[in-house]
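The sequence and the structure are shown first.

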Amino acid sequence: MANRTVTLEILRTDIENQADFVGATQRYTDPITTRWINQSIQRFRERLSLEGSTHYLVSVAKSLTSGATSPYPFQVLDLSAESPSLVRTFGVDITLPGGIIRTLSHTPFTERCSYGGPSVTGIPIAWAHYQTRKIAILPPPNQALTAVVWYLPVVADLSADGDTFDGVSGWEDFIVWDVVVRHMTRDRDGDGYQMATAYRAETWNDIVRNATKVTSAGGAHIGRDSMGARGGGGYYARKGRLPPP
């Protein structure tokens, strides 16, 4: 998807027109509207990424060492020094000896002890959020490996009129209606609120349908367990268990 940027000034103008408060500068100041725009943009980016869109994700290559990070039974991969900083991690790939790439399964941190120490193969099969900018590699590898981490980066707030948001193919409409909803809430305008929330929902559903579509004929294809077929332990990774020796 190509970038199609819209400025902060355009976003504010669209909001003023949709909320019908053009010229009401005393009640709805630019700083208030700008703050709501930035909050909406941050929520939108994370929410769309959670729906499966990779548009806002970036990647970074990291090195895994051998063994667990004391005093834990897992290895901690620290991403706190990365720039841009992280909002949330969305995926981890590791390169195995021989150049085979494995995508690790995401597991809840509460399941960390289910992996019980190094695997019989010395190969991690899962990862979990340890903190916002740290992840646990489960189980810890018994050799040095390379990992590629996919994450949603922090972005700076829009502040100057010329600062831009990537509207892609009309995605800025969600930001506009999301902020209009807040204006309607503040004004206790019941009819306006219902109309704005309906437009927001319609816009969101349209964006998700298009942003997560990967082929011209439909969405992502769920095929057979190819990693399992190649001996990569895909079945066990999904089940949160180590493959048998």
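## Basis and overall content

A helix axis here is a line fitted to C-alpha atoms over the stretch in contact, and the angle between two axes runs from 0 to 180 degrees between N-to-C directions. The model is predicted.

The chain has 245 residues, of which 40% are buried. Its secondary structure comes to 6 helices and 10 strands. Of the contacts between residues at least 6 apart in sequence, 68% join residues at least 24 apart.

## Helix α2

Helix α2 covers residues 30-50. With 21 residues at 1.5 Å a residue, α2 should span 30 Å, and this agrees with the 30 Å between its end C-alpha atoms. Just after α2, glycine 52 has a positive phi of about 110°.

The buried residues of α2 are Thr33, Thr34, Trp36, Ile37, Asn38, Ser40, Ile41, Phe44, Arg45, Leu48 and Ser49. Both helices and strands contribute to their cover, which includes α1 (8-19), α3 (172-186) and α4, along with β4 (86-95), β9 (145-153) and β10 (164-166).

## Packing against α4

The axes of α2 and α4 (residues 190-211) come within 10 Å and cross at roughly 50°. That angle makes α2 oblique to α4. The crossing is right-handed.

On the α2 side, the contact is made by Phe44, Arg47 and Leu48; on the α4 side, by Trp204, Ile207, Val208 and Ala211. By class, these residues divide into 6 nonpolar, no polar and 1 charged. An α-helix has 3.6 residues a turn, so residues three or four places apart point the same way.

## Packing against α3

The axes of α2 and α3 come within 9 Å and cross at roughly 130°. That makes α2 oblique to α3. This crossing is right-handed.

From α2, the residues in contact are Ile32, Thr33, Trp36, Ile37, Gln39, Ser40, Ile41, Arg43, Phe44 and Arg47. They meet Phe174, Ile175, Asp178, Val179, Arg182, His183 and Arg186 in α3. The contact has 8 nonpolar, 4 polar and 5 charged residues.

Leucine 48 lies in α2 and counts as buried because its relative accessible area is 0%. Leaving aside neighbours within four places in sequence, leucine 48 is in contact with Ser53, Tyr56, Trp171, Trp204, Ile207, Val208 and Ala211. The C-alpha atoms of leucine 48 and isoleucine 207 are 8.6 Å apart, although 159 residues separate them along the chain.

Serine 49 is also in α2. At 4% relative accessible area, serine 49 is buried. Not counting residues up to four places away in sequence, serine 49 touches Tyr56, Leu57, Phe90 and Leu152.

## Cysteine 113

Is cysteine 113 buried or exposed? Cysteine 113 has a relative accessibility of 59% and therefore counts as exposed, the cut-off being over 50%.

Cysteine 113 is located in the loop between β6 (105-106) and β7 (126-131). Its C-alpha atom is 9.1 Å from that of proline 139, a residue 26 places away along the chain.

Technical notes:
Residues are numbered from 1 along each chain as its sequence is written. This is a predicted model: local features need pLDDT of at least 70, side-chain atom pairs count only at pLDDT 80 or more; totals for chains, interfaces and linings use all residues. Side-chain values use heavy atoms; hydrogens and water are left out. Helices (H or I, at least four residues) and strands (E, at least two) are DSSP runs, numbered from the N terminus. Angles under 35 degrees count as roughly parallel, over 145 as roughly antiparallel, 65 to 115 as roughly perpendicular and the rest as oblique. A crossing is left-handed if the near helix is turned anticlockwise from the far one by less than a right angle, and right-handed if clockwise. Contact means heavy atoms within 4.5 Å. Ala, Val, Leu, Ile, Met, Phe, Trp, Tyr, Cys and Pro count as nonpolar, Asp, Glu, Lys and Arg as charged, and the others, Gly among them, as polar. The expected span of a helix is 1.5 Å times one less than its number of residues. Buried means under 20% relative accessible area, exposed over 50%, partly exposed in between (1.4 Å probe, protein chains only).
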